[in-house]
Amino acid sequence: MTHHDIFDSLTRNAFDFLERGIAEFDKSPKYSVIHFCAAVEMLLKARLMKEHWSLIVSKPDQANLTKFMAGDFISVTLEDCRARIRDVAGEDIGDDAYNSFRALANHRNKMVHFFHQGLDSDEKAKAQIVAEHCRSWFHLHRLLNRWGGYFHDFGSEIAHADRAMKGHRKYLAAKFKALKPELDAARKAGSAPKACSACGFKAAIPDALDDQIASLRCLVCDHTETQVELECPHCGESVVLANEGYATCDHCGGSIEPEHLVDVLTKDVVGTKDYFETGLPANCGTCEGYHTVVERDDMYFCANCFELSDHVEQCEWCNELNTGDMEHSYSVGCSHCDGKVGWEKDDD
Ligand SMILES: [Zn+2]
Ligand SMILES: [Zn+2]
Ligand SMILES: [Zn+2]
Ligand SMILES: [Zn+2]
């Protein structure tokens, strides 16, 4: 078996577990929780494996290929998996995604260790499981798209899982119905519920920052997201982006990237030239985006990771504007320079 074969078999297995996790929900919610969670963890490990196989072993410095191939190893935890993807591949999966995977894993642990009497007929507990699945799939699906280069052989599996997840949402219909009075009240109060990107129900209550950016919380599945509404730069139709600056236009199939958002979101603020003279767009301390942070009213918004910050600060070493803490930037730098320490190192 080559490394490619191991990746392939791990990924194929993950999609098999995912499909199982969705399909067996009706008959056996307990195994659905276990299989769905395993699938999520396997796909994150598959991504890590693209860096090096030993990274999915809990102690990579003691990794042994023969033992690995024999399945004789302790595998990386979810927490370490995130840290390694960040430290080795330079990609953070984000707090929202991590927290949704964490919730899934905690639920799985509970299911494995404690017998849940009468789960099969406990509609409330079942709705909670499906809500967790929806939130996790929302994040996982986007990570898989972002990592499309590694998962390009699995396009049909991803599309198939997405279709299955859309069917899975029907278990939330009763909850949606029960929320009608609350949703009506929100509508009357001027916050008309929008479609939730995770569960699909029109139950996400917007809290508008301005006429283009809103943060939403879904009453059905508890998913939170930030949405930006803009005209597609390719076809001019209206598109909604959720939680990140990458999307494919539903109307023309054109790809939308953070640079487009920076353009759109700065145009109506001030003359573009003046805007750049202010040092904006700034860099993002959260996602390390370069010139992705724009000013909106008195907030700063990252067009890549959709994080809102209340201020930007100059890096004391390179003078670029950044969100996040710049206190020690003179010596350690910002997301785009290595500060004095890095500069002296280069001198050697
Ligand atoms: Zn939802
Ligand atoms: Zn378009
Ligand atoms: Zn960012
Ligand atoms: Zn700097």
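Five strands build an open sheet in the order β1-β2-β3-β4-β5, with antiparallel pairing. Strands here are DSSP runs of E of at least two residues, helices are runs of H or I of at least four, and both are numbered from the N terminus. Two strands count as paired if DSSP finds at least two bridges between them. The edges are held by β1 (194–195) and β5 (238–242); each has a single partner strand, so one side of each lacks a neighbour in the sheet. Within this sheet, β2 (residues 202–208) and β3 (residues 213–218) pair in the antiparallel sense over five bridges. D207 lies opposite S215 of β3.

The model is predicted: local features require pLDDT of at least 70, side-chain atom pairs count only at pLDDT 80 or more, and totals for chains, interfaces and linings use all residues. Residues are numbered from 1 along each chain as its sequence is written, while chains are lettered from A and ligands numbered from 1 in the order in which they are written.

A three-stranded open sheet has the order β8-β9-β10, again antiparallel. Its edge strands, β8 (293–296) and β10 (308–309), each pair on one side only. Four bridges join β8 to β9 (residues 299–302) in the antiparallel sense. V293 stands opposite C302 in β9.

The domain assignment, whose bounds come from an automatic or database source, gives domain 1 (3–176), domain 2 (179–256) and domain 3 (260–347). The centres of domain 1 and domain 2, taken over C-alpha atoms, are 26 Å apart. Eleven residues of domain 1 contact 13 residues of domain 2; contact requires C-beta atoms, placed from the backbone, within 7 Å. On the domain 1 side, α6 (123–146) and α8 (173–178) each give two or more residues. α6 gives the most, with five.

How values were computed:
Two residues are in contact if their C-beta atoms, placed from the backbone, lie within 7 Å.
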